[in-house]
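Reader: I would be grateful for a close look at one part of this model, namely its pockets. Please describe their linings and then turn to the pairing of charged side chains.

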Amino acid sequence: MVTRNRVKLAQRAVQCFMDQTWSHKQLVIVDDGEESYAPLVGACRARGFDVLYHRVATEPRLTLGALRNVAIEQSDGAFLAQWDDDEWYAPERLTMQLQALINEGTRACVLKWTLMHLDTPAFTHHPYRADVGRGTPGTIVHQRSEIRYPALRIAEDSVFLDAHRPLGVSILGREASHLFIRCFHGSNTWDANHFLRRLRRTPRDMIHFGLARLRGDILRHPAFALEAREASAVSRFREDSAAVGLLRSGA
């Protein structure tokens, strides 16, 4: 987990880590900011979890890709998972992805579908389901290898995932959409339109999007019709977010 001056967001991500059903795990936190994470790290360790906290210099500022590589070098595991500080993860996320990776004999595993939550007045109460085609880069779980992230400030995880594809990547489908919620909170690398474009990614999505706009209600897009397991994940996401005072537009 790469983080900087976002303790409140990171607190939710750390809670998700502690809630994971995969028991043998280590969280590596790489921090290049000024805000202290000591209380959060201490609380996690006090509960018996293996947390490695690594501070790096704030100047010169390393790129996000370079910081992710620091996290890889600091870690001990044979399998690694990108664990962004501003996303939400269902308790069985690691278990399902690792089982797929191990059972299928691939080098990495990603989710094709995730849930999306935009903390804006129009969408905070209306999360939706979306995919990015060949797998969501930020959901990668992979075997340790010599592959490293490029020294980019944006889209570094897309390049990293593409480097794994020739070696074999398992892609979990819509049945796993509840495992991961991508969160727009106003200080993301990408703006809100980047997330909303998922509603019109494919030709079919564009038709649904156009029809919903014509009817004057974007919420009639099928992406907003969540299934039971997805709705349950959203409910838990709201509880976890409220516990640490997140969601600017209301829970």
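**Pockets and salt bridges**

Author: In this predicted model, the lining of the largest pocket comprises 11 nonpolar, 10 polar and 14 charged residues. The volume of this largest pocket is about 810 Å³. Its lining consists of 35 residues, and those closest to the centre are Leu64, Arg68, Asp84, Glu156 and Thr189. Several elements each contribute at least two residues to the lining of the largest pocket: strand 1 (2-3), helix 3 (64-74), helix 5 (156-164), strand 11 (180-184) and helix 6 (192-196).

The second largest pocket holds about 630 Å³ of space. It is lined by 27 residues, of which Gln26, Ser75, Phe79, Leu80 and Ala81 are the closest to its centre. Two or more lining residues come from each of strand 2 (26-31), helix 3, strand 4 (79-81), helix 4 (93-104) and strand 9 (141-143). By class, this second lining has 17 nonpolar, 6 polar and 4 charged residues.

The charged side chains may now be considered as pairs. Side chains of opposite charge can pair when their charged atoms come close. The count of salt bridges in the model is 15. One of them joins aspartate 86 to arginine 6, with an N to O distance of 3.4 Å. Aspartate 86 is buried, its relative accessible area being 8%.

Another salt bridge is formed by aspartate 19 and arginine 236, whose closest N and O atoms are 3.3 Å apart. Here too distant parts of the chain are linked: aspartate 19 is in helix 1 and arginine 236 in helix 8 (residues 228-243), a separation of 217 residues. Both partners are partly exposed, aspartate 19 with a relative accessible area of 23% and arginine 236 with one of 34%.

A further salt bridge pairs aspartate 31 with arginine 55, at 3.1 Å between the closest N and O atoms. Because aspartate 31 lies in strand 2 and arginine 55 in strand 3 (residues 50-55), the pair ties together parts that are 24 residues apart in sequence. Aspartate 31 has 0% relative accessibility and so counts as buried, whereas arginine 55, at 42%, counts as partly exposed.

Finally, a network of salt bridges links Arg4, Asp32 and Arg61.

Notes. Residues are numbered from 1 along each chain as its sequence is written. This is a predicted model: local features need pLDDT of at least 70, side-chain atom pairs count only at pLDDT 80 or more; totals for chains, interfaces and linings use all residues. Side-chain values use heavy atoms; hydrogens and water are left out. On a 1 Å grid over the protein atoms alone, a cavity is a set of points where a 1.4 Å probe fits but cannot get out, and a pocket is an open set with protein on both sides within 12 Å along at least five of seven lines; lining residues have an atom within 4 Å of a point. Grid points are joined across faces, edges and corners, and a volume is the space filled by probe spheres set on the points. Helices (H or I, at least four residues) and strands (E, at least two) are DSSP runs, numbered from the N terminus. Ala, Val, Leu, Ile, Met, Phe, Trp, Tyr, Cys and Pro count as nonpolar, Asp, Glu, Lys and Arg as charged, and the others, Gly among them, as polar. A salt bridge is a side-chain nitrogen of Lys or Arg within 4 Å of a carboxyl oxygen of Asp or Glu. Buried means under 20% relative accessible area, exposed over 50%, partly exposed in between (1.4 Å probe, protein chains only).
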